[in-house]
Amino acid sequence: KNNLSLLSTSKMKSLPILLLASFIWMITAMQVIAQEEGGAIATLSRVEGYVEVFSEAKRKTRRGREGLMLFAGERINTGKDSKVTVEFRDGSTFRLFRKTDFLIEEGVEQNTRERSFKYQLSMKLGSLHGRMKRGMQRTRLRTPTAIVGVKGTTVRITETSKGKATIGLSEGKIEVTNAVS
């Protein structure tokens with residue numbers, strides 16, 4: 001009888017620890033599932049200098065590094081002597097240059113016969129060079145002075161702190177709108 005009561009007491013003492021460990025494991029698994037449901041939209045590559053990624057949902061800033069996965073609602077900021085490439089799931093890339101403030105608002109894989117993507121992006125300030133895959137995506141990039149609709153082309157966009165946007169196109173077509181037209 002003494003051995004039985006000792007065994008029950010030791011099991012009772014370890015029960016809260018087991019419950020706590022199970023709870024922590026369950027929370028971690030739920031966070032991973034939630035992130036996977038939203039799905040990574042892009043990753044960082046060719047990181048040069050200081051780059052930070054701010055998550056709107058988590059209210060958390062991370063240092064940009066090679067292979068860092070990016071999700072909707074994340075803002076990428078480059079330092080004064082920095083550059084980084086954002087590689088999207090469809091193979092499209094955006095090279096962000098110094099002092100750029102770039103936000104991935106939304107990235108959705110479309111439910112169509114062929115694999116295609118729809119991106120909503122914004123850039124408050126800075127400069128980027130984008131190469132979008134032909135026939136695979138539709139991108140809308142918003143700046144303080146213009147909205148640029150891009151589909152399967154190569155484009156360069158600069159937005160200055162003085163409210164001036166410069167857009168260059170080396171091939172393909174884009175649609176640019178602003179408050180005037």
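## Confidence

pLDDT is the predictor's confidence in each residue, from 0 to 100. Contact here means heavy atoms within 4.5 Å. This is a predicted model. Over residues 28-37, pLDDT stays under 50. For that stretch the model has 2 contacts beyond four places in sequence. Where pLDDT is low, the predicted coordinates should not be read in detail.

The protein chain has a mean pLDDT of 78. Of its residues, 72% reach 70 or more. Helix H1 (residues 2-38) has the lowest mean pLDDT among the elements, at 53. Strand E5 has the highest, at 94.

## Strand E5

E5 spans residues 74-78. The strand is mostly covered, with 5 of its 5 residues buried. Its side chains split into two sets. Glu-74, Ile-76 and Thr-78 point one way, while Arg-75 and Asn-77 point the other way. Both sets are buried.

E5 runs antiparallel to E2, and 5 bridges join the two strands. E2 covers residues 51-55. One of the pairings involves Asn-77 of E5, which is the bridge partner of Glu-52.

The whole structure holds 4 salt bridges. Which residue does Glu-74 meet in a salt bridge? Its partner is Arg-62, at 2.6 Å from N to O. Arg-62 lies in strand E3 and Glu-74 in E5, so this pair ties together parts that are 12 residues apart in sequence. Glu-74 counts as buried, because its relative accessibility is 3%, under the 20% cut-off. Arg-62 is partly exposed, at 23% relative accessible area.

Arg-75, the next charged residue named here, forms a salt bridge with Glu-56. The closest N and O atoms are 3.9 Å apart, and the cut-off for a salt bridge is within 4 Å. Glu-56 sits in the loop between E2 and E3 (60-63), and Arg-75 in E5, so the pair links parts that are 19 residues apart in sequence. Arg-75 is buried, with a relative accessible area of 13%. Glu-56 is partly exposed, at 34%. Asp-101 joins these residues: Glu-56, Arg-75 and Asp-101 are linked in a network of salt bridges.

## The Arg-95 and Glu-48 pair

Another salt bridge joins Arg-95 to Glu-48. Their closest N and O atoms are 2.8 Å apart. How many residues apart in sequence are the parts that this pair ties together? The answer is 47, because Arg-95 lies in strand E7 (residues 93-96) and Glu-48 in strand E1 (residues 42-48).

Arg-95 has a relative accessible area of 8%. Glu-48 is partly exposed, with a relative accessible area of 38%.

Phe-71 has its place in the loop between strand E4 (69-70) and E5. Is Phe-71 buried or exposed? Phe-71 counts as buried, at 12% relative accessibility.

Phe-71 and Gly-107 are 36 residues apart in sequence. In space, their C-alpha atoms are 8.1 Å apart.

Note on methods
Residues numbered from 1 in each chain as written. Predicted model: local features only at pLDDT ≥ 70, side-chain atom pairs only at ≥ 80, totals over all residues. Heavy atoms only, no water. Salt bridge = Lys/Arg side-chain N within 4 Å of Asp/Glu carboxyl O. Helix = DSSP H or I, 4+ residues; strand = E, 2+ residues; numbered from the N terminus. Buried < 20%, exposed > 50% of the residue type's maximum accessible area, 1.4 Å probe, protein only. Pairing = 2+ DSSP bridges.
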